[in-house]
Amino acid sequence: MDYSQSIDKAKKIIETEIEYDNVFELKSLFPLHEWENLKKGHRVTLGRLFSAEVDEGKVNQVIKKASGKSNHNHYIKIKK
């Protein structure tokens, strides 16, 4: 699996489709069938990598909001 390609895809969706002040999870950025077809280990790794990118400020205008059920991270798009 090409994680960098998936992260780039998520970033593009955030830039073009996510409204400001909107809370979202990484999995909500992908079509349901695409997300569910990923092996659980790939989803977990992708989530960790995306979370690290957010922590490092590499995802424009996105911060972590909280962890939800099942320890899924929630993110929010903010105006800077």
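How many residues does helix 3 have, and how far does it reach from its first C-alpha to its last? Helix 3 has 16 residues and reaches 22 Å, close to the 22 Å expected at 1.5 Å a residue. The expected span of a helix is 1.5 Å times one less than its number of residues. Helices (H or I, at least four residues) and strands (E, at least two) are DSSP runs, numbered from the N terminus.

Before you click further: this is a predicted model, where local features need pLDDT of at least 70, side-chain atom pairs count only at pLDDT 80 or more, and totals for chains, interfaces and linings use all residues. Residues are numbered from 1 along each chain as its sequence is written, and side-chain values use heavy atoms, with hydrogens and water left out.

**Stop 1: helix 3**

Select Leu46, Phe50, Ser51, Glu53 and Val54. These are the buried residues of helix 3. Buried means under 20% relative accessible area, exposed over 50%, and partly exposed in between (1.4 Å probe, protein chains only). Now look down the axis of helix 3. The buried residues fall within an arc of 155 degrees, so they line one face of the helix. The arc is that of the directions from the helix axis to the C-beta atoms. An α-helix has 3.6 residues a turn, so residues three or four places apart point the same way.

Turn to the other side of helix 3. Arg48 and Asp55 are exposed there. Next, show what covers the buried residues: helix 1 (3-17), helix 2, strand 2 (62-67) and strand 3 are included. Then step past the end of the helix. Glycine 57 follows helix 3, and its phi is positive, near 80 degrees.

**Stop 2: the largest pocket**

The largest pocket has a volume of about 500 Å³. On a 1 Å grid over the protein atoms alone, a pocket is an open set of points where a 1.4 Å probe fits, with protein on both sides within 12 Å along at least five of seven lines; lining residues have an atom within 4 Å of a point. Grid points are joined across faces, edges and corners, and a volume is the space filled by probe spheres set on the points.

Which residues lie nearest the centre of this pocket? Select Trp35, Arg43, Val44, Gly47 and His72; they lie nearest, among 16 lining residues. Helix 2 (32-37), helix 3 (40-55) and strand 3 (73-77) are the elements that give two or more residues to this lining. Helix 3 gives the most, with five.

Colour the lining by class. Five residues are nonpolar, five polar and six charged. Ala, Val, Leu, Ile, Met, Phe, Trp, Tyr, Cys and Pro count as nonpolar, Asp, Glu, Lys and Arg as charged, and the others, Gly among them, as polar.

Pick valine 44, in helix 3. Valine 44 is partly exposed, with a relative accessible area of 34%.

**Stop 3: helix 1**

Move to helix 1. Its 15 residues should span 21 Å at 1.5 Å a residue, and its end C-alpha atoms are 21 Å apart, which agrees. Select Ser6, Ile7, Ala10, Lys11, Ile13 and Ile14, which are buried. They cover an arc of only 160 degrees around the axis, which puts them on the same side of helix 1. Gln5, Lys12, Glu15 and Thr16 are exposed on the other side. The cover over the buried residues includes strand 1 (23-24), helix 3, strand 2 and strand 3.

Glutamate 17 is also in helix 1. It is exposed, with a relative accessible area of 56%.

**Stop 4: two loops**

Select aspartate 21, in the loop between helix 1 and strand 1. Its phi is positive, about 65 degrees, although it is not a glycine. Aspartate 21 is exposed, at 59% relative accessible area.

Now go to glutamine 61, in the loop between helix 3 and strand 2. Glutamine 61 also has a positive phi of about 65 degrees and is not a glycine. Its relative accessible area is 22%, so it is partly exposed.

**Stop 5: asparagine 73**

Finish in strand 3, at asparagine 73. Which residues does asparagine 73 touch, not counting those up to four places away in sequence? Select Phe24, Glu25, Ser51, Lys64, Ala66 and Ser67. Contact means heavy atoms within 4.5 Å. Asparagine 73 and leucine 26 are 47 residues apart in sequence and 7.8 Å apart in space, C-alpha to C-alpha.
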